[in-house]
Amino acid sequence: MRILVLCTGNRCRSQMAHGILQSLDPSLTVCSAGTRPASEVHPLGIKVMKEIDIDISNHYPKSIDQYLGEEWDYVITVCDGAKESCPVFIGNVRRRLHIGFDDPDAFKGSEKEVLPEFRRVRDEIKEKMIEFVNQIKDNHGSNNHPRTN
């Protein structure tokens with residue numbers, strides 16, 4: 001099963017979802033990308049993922065362009081549609097899902113003030129990715145599709 005997780009900068013949410021999905025089922029092929037990739041994965045994203053024993057410190061932001069020629073079983077967009085526009089992937093995709101999350105990078109303040117927001121978003125992503133993986137396992141081989149809300 002091939003899954004591509006998309007966001008604008010591929011700096012926080014898509015990287016966290018990527019790491020969580022891969023940790024839930026190592027047999028999944030998971031990649032993440034953005035329409036305007038940032039220069040690095042957010043250090044606080046890396047930090048809060050380490051708190052749940054998922055290491056994304058070797059991840060780096062990638063452009064959606066490098067995945068256009070590939071086939072994907074699922075493309076999941078994770079941008080919060082109310083705050084920014086999610087990328088549209090025009091490649092060969094069996095199923096597209098939107099599971100939006102707040103952008104933890106948008107919160108301003110000291111690390112002590114912002115860290116709880118990174119944890120909250122991480123936990124929301126983990127909850128939704130667990131639901132998604134459970135649904136694809138339950139529906140494996142059937143025509144049912146995961147529901148996101």
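Strand 3, residues 71-77, is mostly covered, with six of its seven residues buried (buried means under 20% relative accessible area, using a 1.4 Å probe and protein chains only). Strands here are DSSP runs of E with at least two residues, helices are runs of H or I with at least four, and both are numbered from the N terminus.

This is a predicted model, where local features need pLDDT of at least 70, side-chain atom pairs count only at pLDDT 80 or more, and totals for chains, interfaces and linings use all residues. Residues are numbered from 1 along each chain as its sequence is written, and side-chain values use heavy atoms, leaving out hydrogens and water.

## Partners of strand 3

Strand 3 pairs with strand 1 (residues 2-7) in the parallel sense over four bridges; pairing takes at least two DSSP bridges between two strands. Here, Leu6 has Thr77 as its bridge partner.

Strand 3 also runs parallel to strand 4 (residues 92-98), joined by six bridges. Val75 sits opposite Arg96 of strand 4.

## The sheet and its helix

Put together, four strands make an open, parallel sheet in the order 2-1-3-4. Strand 2 (29-34) and strand 4 are the edges, each pairing on one side only. From one strand to the next, the twist averages 25 degrees (axes are lines fitted to C-alpha atoms, for helices over the stretch in contact, and angles run from 0 to 180 degrees between N-to-C directions).

Strands 1 and 2 run parallel, joined by six bridges, and Cys7 has Gly34 in strand 2 as its bridge partner. Helix 1 (residues 13-24) packs on the sheet, touching strand 1, strand 2 and strand 3, where contact means heavy atoms within 4.5 Å. The direction of helix 1 makes about 180 degrees with that of strand 2.

Definitions and conventions
Buried < 20%, exposed > 50% of the residue type's maximum accessible area, 1.4 Å probe, protein only.
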